[in-house]
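Here is a short report on one protein model.

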Amino acid sequence: MSKCFSFTESKNWCYRSSFIKSGLRSTITDLKDGTVMHCWVPKTHKESEPNLLLIHGLGANALWQWADVIRHVTPYFNVYVPDLVFFGDSFTTRPERSESFQAQCVMRVMEANSVRKLSLVGLSYGGFVGYSMAAQFKEAVERVVLCCAGVCMEEKDLRNGVFRVSDLEEAVRILVPQTPEKLKELMGYTLFRPHPFGFMPSCLLTDFIDAMCAEYVEEKRDLVRAIPKDRKLVNLPKISQPTLIIWGDHDQIFPLELGHRLKTHLGDNAQLVVIKNVGHAFSVEKPKEFYKHLKSFLVDLQFPLSPTSPPPKDQNKKWSSDGC
């Protein structure tokens, strides 16, 4: 008997509506090399506003990871929200699985939309992609926000007990869950405080997996396997853009140690903000604090108002409104 109703698909429809109401439209870009990229772009590009790229992490598509952020940033920026390769409606027939390849695909989408300069925010795996973009496209990327992205990890960290899960294949099964049990385990590692998600019945968890995690399973797992492969800090380029690093103090996916390591690697060019009493998903657990730091770094520092200048219409209200 076929399933008549999907809670996940209904929620996905609501998120699509929120993106559309925020002034975005869905686009498909064929890169003509076997790669097709889906991206949300502004319905109307405003030349007077800077460009902001939001790069999601592993898990659901971009809608689910950025829906609560969109309304806070569209008053200030032309916002672009791609689905990375093998997420949402993006895919490739090419064999590459590195964050470098993902970065190149995203940049080609930006170029197809005539975006020459941008700032970016990367969540977790999206931070790996964003860091690679900043390293490869120095002239295009102006400011960088990396959220709990362990880009400075090394392959040996898996052997040296840095991570709660040291077996790579077990980590792969958790990060790309295919059973309700693995999805609950992932939530346990992701969140610091108990979350209702962990008490949801298996039928709803299965519904989420079927809608968000069932396609390109091996390809996504290969993306995870590619992260630590031959990874050494000495080979990580130092990006030159002003960089904000945000981390949760109880992150069990990428421990805070990696945040301090990244700050040391980048030096004075970066600032590290640690959000207290949250895990990897601090944007879910403390959204207001997350938005506050984004605004401070992306808006206030770039476009400071003179003492006599009035604030932009309705923008302060949007940033201070409730998150999730």
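Does Ser124 count as buried or exposed? Ser124 counts as buried, at 14% relative accessibility. Buried means under 20% relative accessible area, exposed over 50%, and partly exposed in between, with a 1.4 Å probe and protein chains only. The model is predicted: local features need pLDDT of at least 70, side-chain atom pairs count only at pLDDT 80 or more, and totals for chains, interfaces and linings use all residues. Residues are numbered from 1 along each chain as its sequence is written, and side-chain values use heavy atoms, with hydrogens and water left out.

Most residues other than glycine have a negative phi. Ser124 has a positive phi of about 50° although it is not a glycine. Ser124 sits in the loop between β6 (118–123) and α4 (125–136). Helices (H or I, at least four residues) and strands (E, at least two) are DSSP runs, numbered from the N terminus. Lys32 also has a positive phi, near 65°. Its loop runs between β1 (24–30) and β2. Lys32 is exposed, with a relative accessible area of 70%.

Five of the five residues of β4 (residues 78–82) are buried, so the strand is largely enclosed by the rest of the structure. Both faces are covered. Asn78, Tyr80 and Pro82 lie on one side, Val79 and Val81 on the other.

Two strands pair if DSSP finds at least two bridges between them. β2 and β4 run antiparallel and are joined by two bridges. Here Cys39 stands opposite Pro82. β3 (residues 51–55) and β4 run parallel, with three bridges. Here Leu53 stands opposite Tyr80.

## Helix packing

Helix α7 spans residues 202–212. Its buried residues are Leu205, Asp207, Phe208, Ile209 and Met212. What covers them includes α1 (7–21), α2 (62–73), α6 (180–190) and α8 (217–226). Contact means heavy atoms within 4.5 Å.

In α6, the buried residues are Pro180, Leu183, Leu186, Met187, Tyr189 and Thr190. They pack against α5 (168–175), α7 and α10 (282–285).

## Cavity and pocket

On a 1 Å grid over the protein atoms alone, a cavity is a set of points where a 1.4 Å probe fits but cannot get out, and a pocket is an open set with protein on both sides within 12 Å along at least five of seven lines; lining residues have an atom within 4 Å of a point. Grid points are joined across faces, edges and corners, and a volume is the space filled by probe spheres set on the points. The count comes to one cavity of 30 Å³ or more. The largest cavity has a volume of about 60 Å³. Leu58, Gly59, Phe87, Leu175, Val176, Pro177, Cys213 and Lys220 line it. By class, that lining has six nonpolar, one polar and one charged residues. Ala, Val, Leu, Ile, Met, Phe, Trp, Tyr, Cys and Pro count as nonpolar, Asp, Glu, Lys and Arg as charged, and the others, Gly among them, as polar.

The second largest pocket holds about 320 Å³ of space. Its lining has 23 residues, with Asn61, Gly88, Asp89, Ala211 and Met212 nearest its centre. The elements giving two or more residues to this lining are α1, β2 (35–42), α2 and α7. By class, the lining has eleven nonpolar, five polar and seven charged residues.
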